[in-house]
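Dear colleague,

Please read them with the model open beside you.

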Amino acid sequence: MMPCVFTKRGGSATTKTNFLSPTREQSLSPERRVQSEKSWMLVSAGVDTFVFQKACKTVMGSRPKLHYLNGRGRMESIRWLLAAAGVEFDEEFLETREQFQKLKNGNHLLFQQVPMVEMDGMKLVQTRSILHYIAEKHRLFGNNLKEKTLIDMYVEGMLDLLEMIVMHPFSKPEDQPKEVVSMTEKAVSRYFPVFEKILKDHGQTFLVGNQLSLADVVLLQTISALEEKTTSILSAFPHLQGFSKKISNVPTIKKFLEPSSKKKPPPDDTYVKNVYAIFAP
Ligand SMILES: N[C@@H](CCC(=O)N[C@@H](CS)C(=O)NCC(=O)O)C(=O)O
């Protein structure tokens, strides 16, 4: 990406408008000087480089912007994935019903729902589609159709579990303990044995293709959310314990697991009240 400092908005072929002094320009590295020249060539060709560079940055280079509440919900897998991919992102938190209405009125939400992620000039919605786009873009979605399908199947299984976890804080308080028992039971009898066997059978660190993928990220997110409720949930799964440790140490993920990251805390009463205030009809 060419920096925007070399030419002034509306610079024309007859006026090479340069913000840098000749001495400063001389001090540039050869690469920066080539960039400067390229900018000058664009101006000569009648292209407004300021607008051109800004457009490039907006479409391809800028940080994704996440639109959701300041809480986990359906956005949390997307945060995990972006973090795992080493992508810095910004967040615009929905705090009021009016803000949500404004997004809807502005036709920013295809189906009038969030999560919505602005990236690469698009306004992406539907959690799974967003995950697929980011995973594909950052090579976290396998190397061939078979790997992609395995990753997709594993992720769908995890998202079924995560859906229960996402909805859990909205159940009646008296039903919540029973739900935790039921989630734990589902995890240890239906889902975790599958991943334990996969890891045991192929003996590799990652679930698919011997490299980090969306499936690893979503599985770790699910394990971590369930461990918050049932600390010993992995006790019968030695391979998943090893997996959890290794994936947590992938540098990008390790950083996301640090307290200062954009990872959200478990939902509390304030978050639940906010959700009702913003979304309830
Ligand atoms: N299938 C959609 C479901 C999105 C969804 O239900 N979003 C909720 C917030 S988590 C929402 O926007 N609710 C407001 C509404 O449906 O009017 C997805 O996975 O993104």
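Both Tyr154 and Phe195 are buried, where buried stands for under 20% relative accessible area, exposed for over 50%, and partly exposed for what lies in between (1.4 Å probe, protein chains only). Before going further, please note that this is a predicted model, in which local features need pLDDT of at least 70 and side-chain atom pairs count only at pLDDT 80 or more, while totals for chains, interfaces and linings use all residues. Residues are numbered from 1 along each chain as its sequence is written, and side-chain values use heavy atoms, with hydrogens and water left out.

**Aromatic pairs**

The search of the whole structure returned 5 aromatic pairs, a pair being two rings of Phe, Tyr or Trp (its six-membered ring) with centres within 6.5 Å, called stacked if the planes are under 30 degrees apart, edge-to-face if over 60, and tilted for the rest. One of them is Phe100 with Phe279, whose ring centres are 4.9 Å apart and whose planes stand at 85 degrees, so this pair is edge-to-face. It joins distant parts of the chain, since Phe100 belongs to helix H5 (residues 97–105) and Phe279 to helix H12 (residues 269–279), 179 residues apart; helices (H or I, at least four residues) and strands (E, at least two) are DSSP runs, numbered from the N terminus. Phe100 is buried at 7% relative accessible area, whereas Phe279 is partly exposed at 30%.

Tyr154 and Phe195 make another edge-to-face pair, with 5.6 Å from centre to centre and 90 degrees between the planes. Here too distant parts of the chain are linked, with Tyr154 in helix H7 (residues 145–167) and Phe195 in helix H8 (residues 176–202), 41 residues apart.

**Salt bridges**

The count comes to 13 salt bridges, each defined as a side-chain nitrogen of Lys or Arg within 4 Å of a carboxyl oxygen of Asp or Glu. In the one between Glu163 and Arg74, the closest N and O atoms are 2.6 Å apart. Glu163 is in helix H7 and Arg74 in the loop between strand E1 (65–68) and helix H4 (76–84), so the bridge ties together parts that are 89 residues apart in sequence. Glu163 is partly exposed at 32% relative accessibility, and Arg74 is partly exposed at 35%.

Arg79 and Glu91 also form a salt bridge, with 2.8 Å between the closest N and O atoms. Arg79 is in helix H4 and Glu91 in strand E2 (residues 90–93), so parts 12 residues apart in sequence are tied together. Arg79 is buried, at 0% relative accessible area, and Glu91 is buried as well, at 18%. These two residues belong to a network of salt bridges that also links Glu76 and Lys264.

**The ligand**

Among the residues surrounding the ligand are Arg74, Phe100, Gln113, Thr127 and Phe279, where a residue is included if one of its heavy atoms lies within 4 Å.

- Arg74, at 3.2 Å
- Gln113, at 3.0 Å
- Thr127, at 2.8 Å

Taken alone, the ligand exposes 510 Å², of which the protein buries 73%, the areas coming from the Shrake-Rupley method with a 1.4 Å probe.

Best regards

Technical notes. Polar contact = N/O pair within 3.5 Å; in protein donor to acceptor, adjacent residues only side chain to side chain.
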